[in-house]
Amino acid sequence: MNLTEILKRAQNEKWSTGHFNFSESDQVRAVCEAAAELRSVAILGTSEGEAGHIGYLEAVALRDAFRKEFGIPIFLNSDHHKSVDSAKKAVDAGYDSIHIDLSAEPYDQNIAGTKAIVEYAHSKLSEVNVEGELGYLRGESKIQNEKIEVSEADYTDPNKAAEFIAATGINRLAIAVGNIHGISKDEPNLDIDRIIKIRAAVPTEVALVLHAGSGIPDMQIKAAITAGIANVHINTDIRVAYAKALRDELQKSDETTPYKFDSPAREALKEVIKQKLTLFGAVNLF
Ligand code: G3H
Ligand code: ZN
């Protein structure tokens, strides 16, 4: 099954795939072991910064190696790539999925750049699944110390979403519905009605993506999935779990062997990923 087929199945059956970021091979192992144990699928993502750290070709090689080891569907996504050039780099390296995020650009430039990547990716391999973004997502993937205000203008407009999809030919759309990257000071309040309206306004073959999944209460995540979200992105929650376990381990001993002091962090990460996949209903898929 390719990613497009899996997203379609998730949308029809009202569960969601999980997307998890990484920059180290240990994190890839944690995601894949968690997904394999739950008979789920693994969607791995690298932002421009994360890909710059691990390398685009290295990320592709890891995906291939883990596919061989686990025999489950594993997909690699270029998360929030902010330029046509960086998204092309991911296509050329062999990513299965491209997220081109030009949402901070003027609307016309967002359309032009996103369409250019859809055409480029599909000319290389028609199976590549391309995500565009419309609406404005604030914050970043960390614990936020300051209050972040979401304004009405940030939200994705359902009619504009339909127009954007028709103009670009994307396979998935990232939407802004009250979600904020990172764990924010105030509890996010997702606009579930807006998700329902966007879902109704756009073609069924286009999947809806909820970014910034960390720090959102479980009930809201479940409601978003029931409303039509087929992919939830998680980064801060797994970064926090990994960093805390690593810090605790390094503080409690003089261990200098990396595979010994970093194993607890990998286990902590794996546990959080299993909780998320279970919350999303992405278990016992095959
Ligand atoms: O693209 C990455 C995600 O949207 C992560 O957001 O750090 O709030 O989980 P998060
Ligand atoms: Zn995101």
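How many cavities of 30 Å³ or more does the count come to?

Modeller: This is a predicted model, in which local features need pLDDT of at least 70 and side-chain atom pairs count only at pLDDT 80 or more, while totals for chains, interfaces and linings use all residues. Residues are numbered from 1 along each chain as its sequence is written, and side-chain values use heavy atoms, with hydrogens and water left out.

The count comes to two cavities of 30 Å³ or more. On a 1 Å grid over the protein atoms alone, a cavity is a set of points where a 1.4 Å probe fits but cannot get out; a pocket is an open set with protein on both sides within 12 Å along at least five of seven lines; and lining residues have an atom within 4 Å of a point. A volume is the space filled by probe spheres set on the points, which are joined across faces, edges and corners.

The largest cavity holds about 40 Å³. Its lining consists of T4, L7, K8, Q11, N129, N171, T204, E205, V206 and A207. Helix α1 (residues 3–13) contributes the most to this lining, with four residues; helices here are DSSP runs of H or I of at least four residues, and strands are runs of E of at least two, numbered from the N terminus.

The second largest cavity, of about 30 Å³, is lined by L3, L7, H19, I43, N77, S97, R172 and N231.

The largest pocket has a volume of about 410 Å³. Of its 28 lining residues, H80, G139, E140, S141 and H181 lie nearest its centre. Elements giving two or more residues to that lining include β3 (74–81), β6 (139–143) and α10 (236–252).

Technical notes
Chains lettered and ligands numbered in written order.
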